[in-house]
Amino acid sequence: MKPVLILGAGINGAAVARELAINGIPVCIVDTGDVAGGATSRSSRLIHGGLRYLEYRDTALVRESLVERERLLKLAPHFVKPLRLTMPVEHRFGGLWAGFVRFSGLARTSLGHALLKFARAPRGLFAIRVGLSMYDRLARSDSLPPHKVESASDHNPNQERHNVGARPMVAEQFRWLCSYSDAQIEFPERFVLTMLEDARRAAEADSTMFEILPYHKPVASESSAEISIVPIDANRPAGGTDLQKTVTPSVIINATGAWGDRTLEALGLRERQLFAGTKGSHLFTTHPPLVDALNGNGIYAEASDGRLIFILPCAGGVLIGTTDEPFEGDPGNATATPNDVEYLLQMVAGVFPKVGLTVDHVSMHHAGVRPLPKNDGAPTEAVPRGHSIEETKLNGIPILTLVGGKLTTCRSLAEEVGRRVCAHQNHPRRHSTIDRPLPGADDACDHIFPAEQLSQLAEKYNLTTEQVAVVWPLIGNRFTEVFTAENNESLVGTNIPKSFVKWSIEHEWCTRLEDLVERRLMLIFQPTIHRTTLEQLANELVGTGRLAESDVSTEVDKVCSRLSKFYGRTVTTE
């Protein structure tokens with residue numbers, strides 16, 4: 001059977017690869033960057049139904065998202081955990097006119113956009129309660145509590161921190177706190193890697209081809225169905241993955257997200273613009289007053305321009321986002337500008353004026369480009385967030401371009417694509433991912449790592465409890481695959497065992513130092529990144545043949561420059 005060629009190893013490409021592999025279809029995945037290196041790693045890290053989509057009557061999308069949210073909570077509890085979100089509200093009846101414009105569909109026209117400029121009143125209690133009631137009915141959740149509305153005046157400033165039911169300490173002008181349930185995925189990068197591992201296992205069990213080639217690009221033949229796969233930098237060692245090969249695919253899946261139009265152009269196929277991406281910027285801080293003010297909750301608040309902004313507990317700190325600005329150019333060059341940072345800081349100050357968050361407290365910032373469909377006349381916030389599949393052909397090969405989509409619905413989109421591929425190949429769809437747990441989900445249904453199990457794992461694998469606490473969110477209950485009872489010394493400045501680093505390099509399609517820092521070990525969220533740590537990681541790459549010893553210093557310098565440009569991070573030499 002001819003393989004399916006998947007272009008793009010982000011959330012949707014990985015989900016499609018998994019769907020096909022468990023149904024016995026050979027797969028080759030190609031990406032010009034790293035696995036999960038695009039918008040997947042620059043998202044708001046939420047698994048949610050999309051409460052604000054109800055304003056635009058996108059009830060089908062909300063229902064689909066809520067069903068998938070419940071499914072992921074059960075099938076990937078080591079990655080996806082419940083999160084209580086709170087909306088602080090000032091007025092009782094505000095935002096009704098704007099709500100009418102959005103719900104009527106006018107907001108997706110230039111006229112509606114103009115009308116909304118005259119409707120600046122923030123959303124009031126009445127409108128929010130209606131939306132939350134609809135959200136609960138669509139969710140039909142047995143595992144998560146329904147929404148709740150409380151008077152902010154009942155807030156007890158002496159309540160115990162981070163207890164279930166504790167509320168965020170918002171500004172005094174807010175009269176009500178409306179809380180509801182959703183979910184969070186702190187490390188979608190690791191989620192993608194685990195989906196690919198599940199796909200690899202399925203393919204191996206079925207003796208079916210499964211190959212991932214990061215840092216490669218496809219080159220189409222002018223007259224035949226052959227596609228050449230070539231490394232983007234032939235002079236750079238990639239640990240055995242710097243291959244050049246030729247495939248004759250049965251179907252091509254264009255899952256390159258915001259790069260989708262550029263991918264079609266490179267194949268000589270673009271006829272019309274499919275994408276009009278928008279840039280979303282995020283900040284990350286470990287500022288203690290803000291961490292304490294959240295009390296373990298997330299905040300979903302309205303900025304002065306009517307946008308809804310998240311302030312979320314994440315990786316021991318707080319993730320703040322997001323902007324929604326039109327973006328042109330290479331999505332790989334998107335960065336959070338000083339104006340983006342200031343906008344998000346001002347929004348936080350409006351909700352938590354006493355925490356004193358300034359730009360000096362920002363540990364990291366980044367920006368990604370959403371793969372939204374081109375939608376002339378509509379403001380960016382009104383562009384539909386659902387997905388679609390555009391089909392064309394290249395020398396007789398069907399090409400399916402995935403437009404839109406989000407983290408929450410990656411599985412359902414992949415299922416739709418899988419059905420389409422099976423129809424093209426006249427291949428029976430034998431298995432479903434609806435109830436298939438991800439590797440590492442065993443004994444993780446509590447969403448909270450039991451302290452007793454933490455100590456047991458530490459003792460069994462000669463780890464410290466701090467090391468177990470760091471590794472568990474990255475792999476779940478896969479310790480027997482990774483560790484033995486040998487010495488597990490940590491990387492300098494971290495609690496990450498060196499043995500885990502080596503395992504990740506050898507088993508998780510890691511080829512470059514930036515892959516380790518940003519998407520395997522999640523060091524990007526570390527309070528401090530030491531140059532010595534980067535040098536240790538580079539030497540691990542040398543030991544596995546991914547990097548020449550003479551290139552260690554140059555590679556470390558490149559990563560330091562990249563961290564500064566795309567994340568606003570300075571590597572310390574202390």
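Predicted model: local features only at pLDDT ≥ 70, side-chain atom pairs only at ≥ 80, totals over all residues.
Residues are numbered from 1 along each chain as its sequence is written, and side-chain values use heavy atoms, with hydrogens and water left out.

Helix H15 (residues 513-520) packs against H6 at an angle of about 110°, the axes lying 9 Å apart. H6 is therefore roughly perpendicular to H15 (65 to 115 degrees). Glu189, Arg190 and Leu193 of H6 make the contact with Glu518, Arg519 and Arg520 of H15 (heavy atoms within 4.5 Å). By class, this contact of H6 with H15 has five charged residues, one nonpolar and no polar.

## Packing of H11 and H12

Helix H11 (residues 451-460) and helix H12 (residues 465-475) cross at roughly 110°, and their axes come within 9 Å. This makes H11 roughly perpendicular to H12. Leu454, Ser455, Leu457 and Ala458 in H11 meet Thr465, Val468, Ala469 and Trp472 in H12. The residues of this contact of H11 with H12 comprise six nonpolar, two polar and no charged.

## Cavities

Six cavities of 30 Å³ or more are found in the whole structure; a cavity is a set of points on a 1 Å grid over the protein atoms alone where a 1.4 Å probe fits but cannot get out. The largest cavity has a volume of about 80 Å³.

Residues lining the largest cavity include Arg18, Phe191, Met195, Cys410 and Arg411 (lining residues have an atom within 4 Å of a point). Helix H2 (59-75), helix H6 (188-205) and helix H10 (410-425) each give two or more residues to this lining of the largest cavity. By class, the lining has seven nonpolar, one polar and three charged residues.

How values were computed. Axes fitted to C-alpha atoms, helices over the stretch in contact; angles between N-to-C directions. Helix = DSSP H or I, 4+ residues; strand = E, 2+ residues; numbered from the N terminus. Parallel < 35°, antiparallel > 145°, perpendicular 65-115°, else oblique. Nonpolar A, V, L, I, M, F, W, Y, C, P; charged D, E, K, R; others polar. 1 Å grid on protein atoms, 1.4 Å probe; cavity = no way out; pocket = protein on both sides within 12 Å on 5 of 7 lines; lining within 4 Å. Points joined across faces, edges and corners; volume = space filled by probe spheres on them.
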